[in-house]
Amino acid sequence: MERFDVIVVGGGVNGTGTARDCAMRGLSVLLLEKQDLGCGASGGSSGMIHGGVRYMLSDRKVTELACRDSGYIQRIVPHLLFRIPFLVPFASKGERARLEERAEWYAFEVYFGAYDQYQPLKRSKPSVRLGAEELYRVEPGLRPGLHGAIAFDEWGIDANRLCLGNALSAETHGARIRTWTEAREVLRRDGRVTGVRWRDALTGEVGEAEAPVVFNASGAWSPAFGRRAGARVPMRPGKGVHLTLDRRWSDYGVLCTAVDGRQMFLMPHENESIVGTTDDDFYGDPDDIEATHDEVQYLLEGAASMVPGVARSRITRAWWGVRTTLHAYGPNEDALSRDHRLLEHAADGAAGLLSIVGGKLASYRAQAEDATDLILSLLGRAPAACHTHEEPLPGGEAPVDVAALASRHGVAEPVAGRIAYRHGARAEEVLRLCDEDPRLRLVLCKGEGILAAEVVHCLRHERVRRLQDLRRRCKLSVGSCGGLDCARPAAQLAARELSWSPEQARAELADLLEAGWRERRAVLDGHQLVQEELLRGVFGGGA
Amino acid sequence: MVGGGMAGAIAALAAREAGASVLLARRGPGGTALSGGAVGVAPDAGAPSTVPFALRLRPMEAARRLAALRPAHPYAIAGVGRLAEALDFAARALPGLLAPFEDRSRFLVTAGGGVAECGLCQRSQVAGDLALARGLVAAVGFRGHLGFDARPWAAAVAGMAAAGAPPSAWAEAELFGGPEEGTLAPHELARALERPGAAEAAGAAVRAVLPAGAAVALLPPVLGLDPAVRVLERLAAAAGVPVAETLADVPSVPGLRLQAALEARLAAAGVELVSGKVELGGWPRRPLLVAGQEREARAVVLASGRFVGGGLVRHGELREALLGLPVEATVGGESGTRLAGRPAPSLTRPERRAPQPLLAAGLRVDAAMRPLGESGQPAHPRLFAAGAVIGGYENAADGTGLGAAILTGYLAGKAAAG
Ligand SMILES: Cc1cc2nc3c(=O)[nH]c(=O)nc-3n(C[C@H](O)[C@H](O)[C@H](O)COP(=O)(O)OP(=O)(O)OC[C@H]3O[C@@H](n4cnc5c(N)ncnc54)[C@H](O)[C@@H]3O)c2cc1C
Ligand SMILES: Cc1cc2nc3c(=O)[nH]c(=O)nc-3n(C[C@H](O)[C@H](O)[C@H](O)COP(=O)(O)OP(=O)(O)OC[C@H]3O[C@@H](n4cnc5c(N)ncnc54)[C@H](O)[C@@H]3O)c2cc1C
């Protein structure tokens with residue numbers, strides 16, 4: 001039986017972040033993820049490293065923590081972050097703004113003025129007040145009749161690659177990472193947890209691992225995992241759906257008001273736009289979840305109320321995640337605290353089991369630091385200094401000169417740019433593969449800028465066990481084409497690299513396509529439906 | 001004829017044969033040009049891969065059974081009585097491209113390493129028919145290109161061994177060499193193989209890597225766009241064995257070849273070919289508009305395709321694009337135009353590989369190929385429909401797409417001329 005200091009259950013941002021911190025502070029770590037890194041709430045999030053301006057009224061502490069941690073995240077993975085300026089437009093019901101509307105705008109300015117205190121923590125610019133003319137100049141697609149806006153700064157990130165980066169770094173520091181391996185049972189003796197029993201979903205292999213501390217970072221699944229140790233993990237799970245639109249519909253993120261008065265947004269995110277999000281109490285099984293027609297319409301209508309053109313946009317997919325908000329009875333979903341809490345389960349007869357509930361992607365590093373501090377103390381170890389805010393994640397070591405990179409390896413600059421975005425300083429290593437094997441210059445996706453070389457790099461160095469893992473490594477077959485060009489060659493590359501039989505490669509391809517289908521089913525309309533007919537012509541009927 | 005895919009082209013040729021003067025307008029290539037390149041007629045769906053080829057249902061018998069089982073399929077509505085006649089007509093219309101019709105299924109390897117059962121195929125695919133091939137089938141990919149992996153092809157042949165498929169092996173040949181080869185798209189490779197000497201060089205390269213005893217070489221589906229250049233024949237002569245192509249993905253060289261052959265045949269048959277959009281708004285009270293010009297027509301055949309062709313659109317609701325004819329969907333045994341208004345999740349199933357009602361939606365026609373209006377009666381006595389614009393089957397994925405286009409096109413063309 002293998003022994004570790006700590007077993008981390010869950011490969012989301014909390015699990016991978018904590019595994020990294022623990023490993024960097026000298027602990028031996030096993031991380032188990034039942035599917036792939038990032039495939040829970042982390043990959044299903046809005047992908048914003050934001051300061052949480054929304055929480056400022058209720059939870060100023062959350063705002064400050066988030067801003068400070070965003071700054072650290074920028075320092076350690078600069079390549080994965082991109083600025084998203086946001087607009088909060090003001091409308092007036094009449095020709096001239098009434099007194100109370102003016103008061104409301106004033107209140108907003110004061111509010112954002114307060115937020116500005118925290119902005120330098122995350123290297124963001126202070127908010128600005130825009131008049132109507134300036135507003136329509138910067139964002140002409142907005143609906144008519146707006147009187148102005150406040151513009152403020154936030155940051156976006158590829159959350160899947162953030163999880164991956166943490167996992168790879170943890171590995172470099174000695175951690176063991178097992179994906180597609182579920183922690184099935186909690187081993188206990190005399191009121192203490194002693195380890196877990198796991199099962200590898202791909203090979204069927206089962207095994208046990210021992211550790212005095214088990215860290216339950218299984219997100220929406222944590223109540224279920226806790227129950228296996230007799231521990232209660234109270235939370236109020238909330239389902240959140242996003243839509244992806246096929247292109248950038250605006251240069252700014254735009255805050256919109258949904259039909260029920262909730263705040264939502266339309267924002268540019270990498271090459272696309274994202275509309276989000278819903279927030280509804282979720283009582284179901286987090287493994288059995290899809291976007292519904294109602295959710296799609298709700299989001300589209302809300303976004304179109306501020307940017308009317310969006311009503312005609314091409315929705316390429318609808319995707320989801322489950323928030324693990326702290327439990328409270330009474331408030332509606334939006335009003336729930338986004339703070340995080342670490343729960344020890346000694347009183348439940350499971351000493352050594354620790355669960356994390358709540359929190360945000362944007363403060364993951366601080367959450368991991370808290371968790372690691374507590375894990376050290378549960379282990380009776382002396383406190384050790386945390387360095388996760390200083391040491392770069394893989395690829396974050398140095399900035400990349402995209403033009404030089406592209407010309408050095410003879411690839412088109414936009415492609416080199418996308419690869420540098422995803423891999424940072426390691427883009428050099430990716431493109432070097434093209435020099436060794438010119439076939440790897442084959443462009444698998446023009447939209448995302450995916451080269452065969454990048455797929456091979458991911459297969460070799462980024463813990464890919466299933467073809468669908470490439471959805472999260474390099475957006476393979478996630479875009480509007482649904483994998484028409486890229487899915488087959490990627491399956492063939494994976495078969496070569498991972499020694500799959502032709503049958504296995506076909507099964508993996510089918511699984512990849514199934515994942516895309518689940519996200520498109522609710523949004524098949526217009527051009528996306530045309531694309532689906534093409535996809536079915538090529539991949540339908542089993543062939 | 002509105003639409004220049006398989007359905008519109010066959011309808012035009014059938015109407016010409018019946019003595020009509022015919023105009024065919026199309027605004028671009030559709031499903032036909034994107035197809036894998038062989039004509040799916042009626043795969044013997046029930047047969048597992050172990051059933052010997054000799055015991056499989058022939059296409060006509062399989063089509064009869066399919067019609068009995070699936071009342072919404074065009075084979076059921078049109079009847080399959082004239083299916084053989086229609087397929088024979090199509091094969092004779094494109095003698096340089098298609099092999100003759102023989103009411104015998106061809107078992108052809110697909111680009112991804114599956115096996116498709118087809119009722120008619122291109123001459124370039126004949127030698128790869130697993131039911132006929134004898135001796136070792138050598139799947140040969142291109143060493144310099146990652147897009148065509150021969151291993152799955154060889155595995156696909158091996159997977160049909162119990163049915164009587166020959167043994168197989170795989171190899172990789174050096175096509176042109178040179179670093180740019182690996183980044184070419186299929187149609188670019190096809191054009192490159194049409195250059196003087198290229199087919200011979202490729203044939204020699206194939207010969208150099210052929211496993212001992214190879215009786216057939218199965219190659220990527222890029223063997224020239226223009227059949228007149230005879231890439232396949234020249235390559236085979238240099239390779240010293242018969243050569244066949246696999247079926248294709250998108251973009252599909254065999255599909256483009258099929259589309260080009262149809263166009264050439266239409267021109268030769270005296271069909272007036274117009275590039276551009278048809279607008280039918282006021283027809284028959286007002287003349288129809290063909291690429292902006294007013295034209296009179298005694299009869300109109302809608303062969304405008306499914307979503308890819310542009311015959312149907314969905315913007316929140318399913319609609320026939322030219323006349324706004326009612327679209328019918330079938331969900332769990334229930335059919336109707338009312339169902340077509342349902343949200344997408346209600347018209348699809350969670351399993352991708354299940355039949356998907358949304359993608360099987362389309363016009364409902366009577367036995368004379370006249371689309372039905374809201375009342376359930378023909379929308380107009382001289383309006384006909386053919387091909388994928390007709391619903392009741394998932395044309396892109398159920399293995400009957402081009403077969404149904406040929407049957408309905410043939411019948412609609414004859415009816416329109418009558
Ligand atoms: C719609 C939505 C939008 C959001 N937007 C933002 C945002 O823009 N910015 C922000 O800061 N925060 C955002 N959040 C919050 C943020 O995403 C979460 O706080 C964070 O991702 C939680 O990470 P986690 O690691 O705890 O959970 P998860 O990412 O859900 O990870 C849990 C993992 O555990 C695995 N697992 C479960 N059971 C087992 C088992 N038995 N064995 C092994 N593995 C198991 C799961 O497969 C999963 O991968 C959003 C959340 C949602 C839902
Ligand atoms: C990727 C793919 C692969 C396939 N592979 C196969 C296969 O290997 N074997 C098989 O049997 N079937 C296959 N199918 C199915 C088959 O291709 C189609 O069912 C068949 O081609 C439909 O033919 P059609 O003539 O009805 O429509 P299309 O070929 O789609 O033609 C429609 C035509 O209508 C024109 N049009 C539409 N609206 C207008 C307008 N307003 N004015 C003017 N012109 C207009 C379009 O421009 C186009 O020319 C495949 C389908 C797809 C999508």
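Modeller: Two residues are said to touch, or to be in contact, when heavy atoms of theirs lie within 4.5 Å of each other. The model is predicted, and with that cut-off B:Leu302 touches, leaving aside residues up to four places away in sequence, a set that includes B:Val2, B:Leu280, B:Leu322, B:Leu363, B:Phe384 and B:Val389.

Biologist: What makes a set of residues a nonpolar core, and which residues have the most contacts inside the largest one?

Modeller: The members must be buried residues of the nonpolar kinds, joined through side-chain atoms within 4.5 Å. The largest set that meets this has 96 residues, and those with the most contacts inside it are B:Met6, B:Tyr75, B:Leu83, B:Leu87, B:Leu302 and B:Ile406. Helix α11 of chain B, residues 401–417, gives the most to this core, with 10 residues. Apart from it lies another core, of 49 residues, among them A:Leu440, A:Ala453, A:Leu470 and A:Ala505. In soluble globular proteins, nonpolar side chains tend to be buried together.

Biologist: How many residues does each chain bring to the contact, and how much area is buried between chain A and chain B?

Modeller: Chain A brings 38 residues and chain B brings 45 residues, and the two bury about 3800 Å² between them, with 58% of it on carbon and sulfur atoms. On the side of chain A, the residues A:Arg439, A:Glu533 and A:Arg536 supply 19% of the area buried against chain B, more than any other three residues.

Biologist: How many polar links cross this interface, and which elements of chain A take part?

Modeller: There are 5 salt bridges between chain A and chain B, and 20 residue pairs are in polar contact across their interface. The elements that give two or more residues to the side of chain A that touches chain B are α14 (487–498), α15 (502–520) and α16 (526–539) of chain A. Of these, α16(A) gives the most, with 10 residues. That side of chain A divides into 18 nonpolar, 7 polar and 13 charged residues.

Biologist: Why is the pair A:Asp200 and A:Arg178 called a salt bridge?

Modeller: The limit is 4 Å between a side-chain nitrogen of Lys or Arg and a carboxyl oxygen of Asp or Glu. The side chains of A:Asp200 and A:Arg178 meet at 3.3 Å, N to O, so the pair falls within that limit. A:Asp200 is in strand β10 (residues 192–200) of chain A and A:Arg178 in strand β8 (residues 176–178), 22 residues apart, and the pair thus links distant parts of the chain. Buried means under 20% relative accessible area, so A:Asp200, at 2%, counts as buried, and so does A:Arg178, at 14%.

Biologist: What does the pair of A:Lys475 and A:Glu270 tie together?

Modeller: A:Lys475 forms a salt bridge with A:Glu270, their closest N and O atoms being 3.1 Å apart. Because A:Lys475 lies in the loop between α13 and α14 of chain A and A:Glu270 in the loop between β15 (263–269) and β16, the pair ties together parts that are 205 residues apart in sequence. A:Lys475 is buried, at 16% relative accessible area, and A:Glu270 counts as buried at 8%.

Biologist: Where do the two partners B:Arg314 and A:Asp525 lie?

Modeller: This pair crosses between chains, from B:Arg314 in strand β13 (residues 312–314) of chain B to A:Asp525 in the loop between α15 and α16 of chain A. Their closest N and O atoms are 2.8 Å apart.

Biologist: How do you know whether A:Ser477 and B:Arg230, which have positive phi although neither is a glycine, are buried or partly exposed?

Modeller: A:Ser477 has a phi of about 60° and is found in the loop between α13 (469–474) and α14 of chain A. At 4% relative accessibility A:Ser477 is under the 20% limit, so the residue counts as buried. B:Arg230 has a phi of about 55° and lies in the loop between β6 (214–219) and α9 (231–239) of chain B. With 46%, B:Arg230 falls between the 20% and 50% limits and is therefore partly exposed.

Key
Residues are numbered from 1 along each chain as its sequence is written. Chains are lettered from A and ligands numbered from 1 in the order in which they are written. This is a predicted model: local features need pLDDT of at least 70, side-chain atom pairs count only at pLDDT 80 or more; totals for chains, interfaces and linings use all residues. Side-chain values use heavy atoms; hydrogens and water are left out. Buried area is the accessible area (1.4 Å probe) that two parts lose on being put together, summed over both. A polar contact is a pair of N or O atoms within 3.5 Å; within protein, one must be able to donate a hydrogen and the other to accept it, and residues adjacent in sequence count only if both atoms are side-chain atoms. Helices (H or I, at least four residues) and strands (E, at least two) are DSSP runs, numbered from the N terminus. Ala, Val, Leu, Ile, Met, Phe, Trp, Tyr, Cys and Pro count as nonpolar, Asp, Glu, Lys and Arg as charged, and the others, Gly among them, as polar. Buried means under 20% relative accessible area, exposed over 50%, partly exposed in between (1.4 Å probe, protein chains only).
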